Amino acid sequence: NLAISDYDDIIYRFPDRALPYYEKGIILTKINDYDNAIINFLKAKEINPNKELYVTAIISIAQRKEKEASQFARNKDFNNAIPMYEEAISYYPEFTQAYFNLAKSFYFLQDFESAKNVLLTNLAIDSKQTQSLKMLADIYKKENDYDEAIDFYKKAIEVSPTYYKAHYSLGTTLMLIDDLDGAKESFINTIDIKSTYFKAHETLGIVNMMMGANDLALENFLNTIEVTKKSYKANYLLAEIYNINGDYSTAKTYAKQSISIKKNCAPAFYHLGVAEKNLGNIAAARDAFESAKKDRDWRASANYELELIEEGK
């Protein structure tokens with residue numbers, strides 16, 4: 001307190017000197033009075049804008065604010081996080097990480113327009129921020145603006161060719177516009193970069209099924225469950241393919257494996273029903289279709305199979 005009082009006296013007598021403001025700011029930082037510290041650092045910078053020391057001090061305070069904001073964000077307290085990120089940016093307008101985290105907070109609140117505006121401002125500062133490019137693409141995708149989404153995913157990949165999540169997201173977006181060849185290429189690229197990313201194996205299998213390449217899809221789904229034991233989807237799709245191929249015993253095994261991962265998995269119950277029916281286990285087939293029809297997306301198909309069973313077909 002005495003030091004601050006002395007610096008105030010010096011500043012009163014020498015108001016055009018930058019150093020006393022800086023030194024006072026240092027003292028205020030030591031007692032965690034960051035708001036007043038930044039006022040003094042900014043005044044020092046205003047008097048001597050070419051002094052790197054003053055700029056560094058301002059950045060340090062901005063970083064403290066950003067760190068404090070991120071603690072709130074991690075706890076999902078975005079109402080406190082957002083103004084702190086904005087304050088950090090006001091101190092240090094080129095603070096790209098603070099812009100990104102601010103945009104992410106808006107994104108979690110589903111305020112996509114605000115998030116998009118922040119990201120565009122951030123990219124105007126540095127156009128090579130891969131995370132910002134991908135998040136902007138994600139927002140355009142949610143808004144069904146697939147052309148813009150694809151463009152920004154490609155920009156993210158151009159900046160960082162090994163950004164596997166951008167490759168994967170590009171592939172899922174290309175699927176939405178029925179560009180299956182492009183999607184397939186994106187998933188293959190994802191796997192080449194990160195072979196343990198099970199979603200890429202799984203979704204590549206789905207694309208191959210859509211393209212009628214069930215043999216390739218079978219390999220993709222087997223790769224998926226080799227990477228992870230948690231993919232209920234790969235298991236029920238394996239059951240579907242094995243049913244198509246007439247290998248009902250193997251189809252039954254994979255359908256049950258899917259159900260063991262996700263208890264109420266309607267497509268798994270449906271494909272289990274198909275396998276049981278073709279194996280002659282009519283009671284088990286009926287039970288499986290009854291479980292499948294609890295899901296509205298599978299109700300019609302399951303009821304159709306139940307009707308065929310009642311008709312003895």
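**Two helix pairs**

H11 and H12 are roughly antiparallel to each other. I keep in mind that this is a predicted model.

I looked up the angle behind that: the axes of H11 (residues 180-193) and H12 (residues 198-210) cross at roughly 155°, and angles over 145 degrees count as roughly antiparallel. The two axes come within 9 Å. I also noted the hand of the crossing of H11 and H12, which is left-handed.

Next I listed who touches whom. H11 brings Leu180, Ala183, Lys184, Phe187, Ile188, Thr190 and Ile191 to the contact. From H12 I wrote down Ala200, His201, Thr203, Leu204, Val207, Asn208 and Met210.

Then I moved on to H15 (residues 248-261) and H16 (residues 266-278), which pack at an angle of about 150°. Their axes are 8 Å apart. I therefore put H15 and H16 down as roughly antiparallel to each other. The crossing of H15 with H16 is left-handed.

For the contact, I found Tyr248, Ala251, Lys252, Ala255, Lys256, Ser258 and Ile259 on the H15 side. On the H16 side I have Ala268, Phe269, His271, Leu272, Ala275, Glu276 and Asn278. My tally for the contact of H15 with H16 is eight nonpolar, three polar and three charged residues. Lys252, Lys256 and Glu276 are the charged ones in that list.

Terms used. Residues numbered from 1 in each chain as written. Predicted model: local features only at pLDDT ≥ 70, side-chain atom pairs only at ≥ 80, totals over all residues. Heavy atoms only, no water. Axes fitted to C-alpha atoms, helices over the stretch in contact; angles between N-to-C directions. Helix = DSSP H or I, 4+ residues; strand = E, 2+ residues; numbered from the N terminus. Parallel < 35°, antiparallel > 145°, perpendicular 65-115°, else oblique. Left-handed = near helix turned anticlockwise from the far one by under 90°. Contact = heavy atoms within 4.5 Å.
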